[in-house]
Amino acid sequence: AGLHAVARQAGKLYLGTATDNPELTTTAYTAILDNNQMFGQITAANSMKWDATEPSRGVFTFTNGDVIANLAQRNGQLLRGHNCVWHQQLPSWVTSGNFNAATLTSIVQTHCSTLVGHYKGRVWDVVNEPLNDDGSFRQDVFFNTLGQGYIATALRAAKAADPNAKVYINDFNIEGIGAKATAMKNLIRSLKSQGVPIDGVGLQSHFIVGQVPTTLVQNMQEFAALGVEVAITELDVRMTLPETAALLAQQKKDFQTVVAACQAVPQCVGITIWDFTDRFSFVPSTFPGQGAATPWDENLVRKPAFDGIVAGF
Ligand code: G3I
């Protein structure tokens, strides 16, 4: 059976994957991607980001994003919007514009409301990676100009553009108990106390073989107790290359552990892997010497990790 079918059987909303436009010409890849029993949800890895969607101020291009949205629609797959506000993949007009607070606020509002308004009825990573690992706010152009208020501004603009959208904050290294997860809980508490819309928290879950946090379940429960849902949004489990049978066996256990943790928490709605094949994983380019992080190998052959996912539900 497909991974999404297994997830549905287990009571989760979806098992999904990231994908990217250049990958769609590989037919051995799309044969798996388009199988809605395998993947019930799609996230665009790049084509809905700021540099792709608003390359010049006020000029919106949805060409590549629409290709992904239409693919998901055609296949009967959910679509996760990724993302409205992030410190990476920003066009230079945003980073170098030296905008004052009022102008940058308006720029954030326009960007978020236009994206969320274009792709209505979706779940959105409205704010991506707002925190540093020590729990402080990331000093990006938004924080430096607007303080933490840009987070509320973005969430409000997104919800106003589509009251049916689910609005999330998404980050990494908040999957286990620790300073950064605590800071995210404090942020969510603070937003809720101000009446700012916040429906969920995305746990990216870019893990390392043998180093999956042991506090996944407790941590997700603590988020859920704040009144938000939880999603695992960018799961992969990388290793130092070359891959060995032992590493692949540990990776299988690691995928199983993560899936079982989501399964143990009713408010964990679903799991997205950050592309499903080692051929297209972001890992080797970002972490030189590491890779093999996904459930399908470079040749689109299933790895033990595939069975780990099934076993976790
Ligand atoms: O579009 C250009 C292309 O024109 C050029 O020829 C090519 C040459 O390098 O680069 C292309 O841009 C690359 C882009 O992916 C599209 O392929 C960028 O260099 C590359 O940096 C970019 O990487 C993406 C990365 O985010 C950027 O930070 C990855 O594909 C994407 O998987 C990754 O995803 C992020 C999530 O959004 C947030 N969480 C972490 C995750 C992994 O870093």
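A crossing of two helices is called left-handed if the near helix is turned anticlockwise from the far one by less than a right angle, and right-handed if clockwise. Keep that in mind for the tour.

**Before you start**

Residues are numbered from 1 along each chain as its sequence is written. What you have open is a predicted model, where local features need pLDDT of at least 70, side-chain atom pairs count only at pLDDT 80 or more, and totals for chains, interfaces and linings use all residues. The pLDDT is the predictor's confidence in each residue, from 0 to 100. Its mean over the protein is 98, and 100% of the residues reach 70 or more. For the complex, the predictor gives an ipTM of 0.93 and a pTM of 0.98.

**Stop one: the ligand**

Select the ligand, then Ala 45, Asn 46, Gln 88, Gln 89, Asn 128, Gln 204, Glu 234, Phe 282 and Thr 286, which surround it. A residue is near a molecule if its C-beta atom, placed from the backbone, lies within 6 Å of it. Colour this shell by class and you will find two nonpolar, six polar and one charged residue. Here Ala, Val, Leu, Ile, Met, Phe, Trp, Tyr, Cys and Pro count as nonpolar, Asp, Glu, Lys and Arg as charged, and the others, Gly among them, as polar.

Stay on Gln 89, which has a positive phi of about 50 degrees although it is not a glycine. Gln 89 sits in the loop between S3 and helix H5 (92-95). Helices (H or I, at least four residues) and strands (E, at least two) are DSSP runs, numbered from the N terminus.

**Stop two: two peptide bonds**

Most residues other than glycine have a negative phi, and most peptide bonds are trans. Now select His 82 and Asn 83: a cis peptide bond joins them, with omega about -10 degrees. Asn 83 belongs to strand S3 (residues 78-85). Next, go to Leu 241 and Pro 242, also joined by a cis peptide bond, with omega about 5 degrees. Pro 242 is in the loop between strand S8 (229-240) and H11.

**Stop three: H11 and its partners**

Select helix H11 (residues 245-264) and helix H13 (residues 304-312), whose axes come within 7 Å and cross at roughly 25 degrees. Axes are lines fitted to C-alpha atoms, for helices over the stretch in contact, and angles run from 0 to 180 degrees between N-to-C directions. That angle makes H11 roughly parallel to H13 (angles under 35 degrees count as roughly parallel). H11 passes H13 in a right-handed crossing. Their contact has ten nonpolar, five polar and three charged residues.

Show Leu 216, Val 217 and Met 220 of H10 with Val 258, Ala 261 and Ala 264 of H11, the residues that make the contact. Two residues are in contact if their C-beta atoms, placed from the backbone, lie within 7 Å. By class, these are six nonpolar, no polar and no charged residues.

**Last stop: H6 and H8**

Finally, select helix H6 (residues 101-118) and helix H8 (residues 149-161). H6 passes H8 in a right-handed crossing. The contact divides into nine nonpolar, five polar and no charged residues.

Methods
Angles under 35 degrees count as roughly parallel, over 145 as roughly antiparallel, 65 to 115 as roughly perpendicular and the rest as oblique.
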